[in-house]
Amino acid sequence: MNEFDFEGYTCPVPLRPNETVILGHGSGGTLSRDLLRRLFLPELGKAAPRALDDSAVVEIDGQRFALTTDSHVVSPLFFPGGDIGRLAICGTVNDLAMVGAKPIALTCGFVLEEGLPFETLQRVAASMQAAAQEAGVYIAAGDTKVVQKGGADQLFINTSGIGKIADGVNISGANAKEGDVVIVSGTIGDHGIAVLSAREDLGFETMLESDVAPLNHLVEAMLAAGEVHVLRDPTRGGLATSLVEISEQSNVTIEIEEQTLPFKPAVKAACEMLGFDPLWIANEGKLVAFVKESDAEKVLDAMKKTKYGGGAAMIGKVMGVRKSQVRLKTAIGGTRLVDMLPGEMLPRIC
Amino acid sequence: MKYLDEYRNPGKVKTLLREIASITTRNWVIMEICGGQTHAFLHHGLDAMLPPQIELVHGPGCPVCVTPLEQIDKAIAIASRPDVIFTSYGDMLRVPGSTKDLFSVRAGGGDVHVVYSPLEAVQTAEGNPDKQVVFFAIGFETTAPANAMAVLQARNKHIKNFSVLVSHVRVPPAMEAILGSKSNRVQGFLAAGHVCAVMGFHEYPPIAEKYHVPIVVTGFEPIDLLNGMVSAVKQLEAGRAEAENQYQRAVKFEGNESAQRTIRSVFESVDRKWRGIGIIPQSGWGLNPDFAEFDAENRFDVGNIFTQESPLCIAGEILQGLKRPLQCAAFGRQCTQQTPLGAPMVSAEGACAAYYKYHRDVVYE
């Protein structure tokens with residue numbers, strides 16, 4: 001081959017910022033955060049630090065209440081280990097629990113697509129009631145709208161919830177402190193891979209089940225056992241996104257160890273195959289907690305005695321560096337950054 | 001995971017790192033061709049564990065990064081048509097064309113599907129006879145056999161509403177282009193194991209000899225990468241330049257001859273433009289004339305799309321290993337994963353994306 005001259009070859013023009021909403025804006029990662037910070041917060045009210053927590057905290061006559069709302073648009077509606085109804089109840093119960101509140105009551109709004117079978121709706125309603133009963137909350141009000149065929153994908157559910165925060169409980173993503181031990185309540189990524197397998201019919205030999213579950217009783221046990229500073233359920237965007245958010249809210253460096261991260265082998269294998277980072281995969285029945293160092297063992301023991309904390313593990317700590325960053329010590333002894341999910345997760349080409 | 005864990009054994013990693021340190025006496029510039037290998041180095045934190053004399057540079061082996069702008073603009077034009085279902089591997093949807101990406105086309109009402117295999121696209125065509133179904137056939141030798149198979153299957157099933165927008169590239173001509181460039185700094189190659197699993201490595205000994213450069217076929221796990229590095233450094237230190245196979249569990253000298261036959265039955269060698277680099281002679285595959293009816297560029301009127309690259313980013317230099325992502329002034333500032341200036345920042349296998357994800361702290365410290 002003749003000598004090849006690369007001089008003068010450069011690469012592409014910048015892509016203009018999106019002028020329309022794309023799916024990645026709902027991924028729970030960086031695009032979702034940008035939408036919130038650039039569009040909603042300036043329009044809908046002054047950003048408060050708590051606006052980035054899972055629930056808002058409102059004070060009424062000296063008593064503190066947690067308030068939250070969430071919409072659920074999962075496909076398929078029924079997946080191994082759960083369904084959209086259980087997801088809707090657990091998601092809102094967990095958002096309340098993640099600020100240390102005891103959930104009291106929920107509301108639910110349904111958007112139904114013309115043609116949805118009654119049988120589907122009945123199954124979802126029964127599942128919601130069962131999940132509410134398990135969490136010990138009641139559904140206090142509801143609303144139903146029907147849209148034309150094609151106006152929605154079968155069924156969307158919005159749930160809102162209110163909970164009571166006990167005196168002395170102060171939990172926020174902004175409260176991580178040097179020395180805090182980072183604990184997760186069990187294996188990571190089960191829900192995301194279970195739903196993906198069901199949706200895309202990937203044909204994995206191992207049937208993975210979603211972990212969707214109400215975590216309020218687990219949180220009660222944790223708060224009784226020791227000093228908890230931060231709680232978060234790493235749903236969309238996965239554990240990585242939650243940790244990066246907490247590091248930014250608290251302005252701390254968090255270091256986690258790859259070898260201590262609990263993954264089901266099937267989740268790890270699916271991620272290897274598809275080129276996904278398991279730290280970006282959604283969970284619906286797991287939490288991450290930042291616990292005062294001297295209380296960490298007690299809190300871990302208490303978690304392990306509960307129904308949904310049996311697989312709890314310490315995965316890292318907050319370092320003595322005032323810099324918002326999450327670092328991972330790799331299994332082979334290296335170190336790298338952990339990043340937020342940038343947008344929609346995409347399977348790799350080869 | 002047992003099949004992977006043994007190639008991530010921390011004890012073996014330390015032993016191999018010690019061996020590399022003990023045999024390295026001079027500075028060496030070694031390029032891993034494949035974006036998957038770049039990500040593996042950074043994902044495991046291996047890059048920082050190598051001796052400082054070894055400069056790791058990152059090659060053009062990211063199929064998303066090197067797909068030229070006009071092919072993406074053609075994809076966008078086709079995908080925007082109301083009569084088309086456009087199918088693609090997921091990575092391509094976020095890559096910027098001149099004005100938008102395929103995600104934006106979908107948000108605007110275009111029927112854009114992510115598929116995990118091109119055969120899914122053929123099924124989609126079967127199930128939607130009133131639509132034109134187009135598959136974006138990009139990638140190196142790894143994706144070519146399945147993409148060729150999809151075209152063969154469409155012909156065998158007499159499916160008339162299926163076509164492919166082809167932008168396939170080949171590794172060996174790119175290696176020769178880099179080595180033949182007057183600005184070349186690369187002294188040794190870690191060759192892409194999965195490409196060689198398909199094509200073998202019989203094309204490499206003449207390149208190693210002609211340019212006097214060791215080429216070591218290497219896998220993607222830490223032990224694979226370090227074994228490849230040991231071989232490359234040993235050769236460099238001894239003044240040898242041979243093609244060696246450190247990925248014997250997956251790669252044979254002759255490769256997968258059945259897959260190669262499938263490729264050659266559908267594709268022929270063509271000149272191909274690489275994004276950020278330019279036209280490299282005989283560096284791609286295009287549909288051979290027997291399969292012209294399946295060529296989306298013939299079926300849709302996109303022959304008049306020409307684009308001009310902007311000189312705003314140094315992706316071309318990154319892709320040739322002339323510069324590293326952290327040497328780019330825009331890295332992590334104007335150029336992020338949310339506002340990419342170039343494809344290497346967009347793709348899951350891009351070198352800039354790897355540094356952004358795993359090492360952008362270096363910029364700010």
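First, a term: two strands pair if DSSP finds at least two bridges between them. Strands (E, at least two residues) and helices (H or I, at least four) are DSSP runs, numbered from the N terminus. With that, look at chain B. In strand 4 of chain B, B:Val112 is the bridge partner of B:Phe86. Strand 3 (residues 84-88) of chain B pairs with strand 4 (residues 111-114) of chain B in the parallel sense, over four bridges. Between them, the chain passes through helix 6 (residues 102-107) of chain B, a right-handed β-α-β crossover. Right-handed means that, with the strands pointing away from the viewer, the path from the first strand over the helix to the second runs clockwise.

Some ground rules. This is a predicted model, where local features need pLDDT of at least 70, side-chain atom pairs count only at pLDDT 80 or more, and totals for chains, interfaces and linings use all residues. Residues are numbered from 1 along each chain as its sequence is written, chains are lettered from A and ligands numbered from 1 in the order written, and side-chain values use heavy atoms, leaving out hydrogens and water.

Confidence next. Chain A has a mean pLDDT (the predictor's confidence in each residue, from 0 to 100) of 89, and 91% of its residues reach 70 or more. Over residues 1-16 of chain A, the pLDDT is below 50.

Now the chain A sheet. Five strands form an open, mixed sheet in the order 1-2-7-5-6. Strand 1 (56-60) and strand 6 (138-147) of chain A are the edges, each pairing on one side only. Strand 5 (residues 101-113) of chain A runs parallel to strand 6 of chain A, joined by nine bridges. There, A:Ala105 stands opposite A:Tyr138.

On to helix packing. Helix 5 (residues 216-225) and helix 8 (residues 296-304) of chain A pack at about 150°, axes 8 Å apart. Axes are lines fitted to C-alpha atoms, for helices over the stretch in contact (heavy atoms within 4.5 Å), and angles run from 0 to 180 degrees between N-to-C directions. So helix 5 of chain A is roughly antiparallel to helix 8 of chain A. Under 35 degrees counts as roughly parallel, over 145 as roughly antiparallel, 65 to 115 as roughly perpendicular, the rest as oblique.
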